Amino acid sequence: MPPEKAPEFKKPLEDKEVIEKETMTLTCELNKPNMPVQWFKDGKEVKPDKKRITVSMDQYLHQLVIADVTVEDAAKYTCKYGDVSTECTIKVEGRFYKKEHFPKNSYADFSLLCPNGLAVY
């Protein structure tokens, strides 16, 4: 009987850019079925809340789904099983900016690119 393969991620997580308010799905695959993994955001364990954050496992496939993404969801995400892990960096592109997102007595440095090609600074 051949020696048992050590667990490894045969499909790692991939870096993504997500737009605010959309749903983000992180997917990875282990080489062994039905192995429970842990998800981390910037080193802190991510716990499903059954509303916005869900975790699923289907044989080899593992997913972390975050609905209604906010800029606070931008981070380094890690999926870990035992001593093996895979990680990715998630960037969140803001869709809407409200005055309260900026500190008092500050100004936002931004530019807008209009569909006609004109830029507003």
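**Figure 1. Y81 and its partner across two strands of the predicted model.** In this predicted model, Y81 stands opposite V84, a residue of β9. The two strands shown are β8, spanning residues 75–81, and β9, spanning residues 84–93. Their directions are antiparallel, and 7 bridges join them.

**Figure 2. The open sheet of 5 strands.** The strand order is β2-β9-β8-β4-β5, with mixed pairing. At the edges are β2 (16–19) and β5 (44–45), each of which pairs on one side only. In general terms, strands of a sheet pair through backbone hydrogen bonds, in either a parallel or an antiparallel manner.

**Figure 3. The cysteines C28 and C79.** The count of disulfides in the model is 0. For C28, the nearest cysteine sulfur belongs to C79 and is 3.5 Å away; C28 is accordingly in no disulfide, because a disulfide requires sulfur atoms within 2.5 Å. For C79, the nearest cysteine sulfur is in turn that of C28, 3.5 Å away, and C79 likewise takes part in no disulfide. C28 counts as buried because its relative accessibility is 0%, under the 20% limit. C79 also has 0% relative accessibility and therefore counts as buried.

**Figure 4. A lysine over the ring of Y60.** K10 lies over the face of Y60, at 4.7 Å from the ring centre. As for contacts between rings, the count of aromatic pairs is 0, where a pair would require ring centres within 6.5 Å.

Conventions
Residues are numbered from 1 along each chain as its sequence is written. This is a predicted model: local features need pLDDT of at least 70, side-chain atom pairs count only at pLDDT 80 or more; totals for chains, interfaces and linings use all residues. Side-chain values use heavy atoms; hydrogens and water are left out. Rings of Phe, Tyr and Trp (its six-membered ring) pair if their centres lie within 6.5 Å; planes under 30 degrees apart count as stacked, over 60 as edge-to-face and the rest as tilted. A charge sits over a ring if NZ of Lys or CZ of Arg is within 6 Å of the ring centre and within 35 degrees of the ring normal. Two strands pair if DSSP finds at least two bridges between them. Helices (H or I, at least four residues) and strands (E, at least two) are DSSP runs, numbered from the N terminus. Buried means under 20% relative accessible area, exposed over 50%, partly exposed in between (1.4 Å probe, protein chains only).
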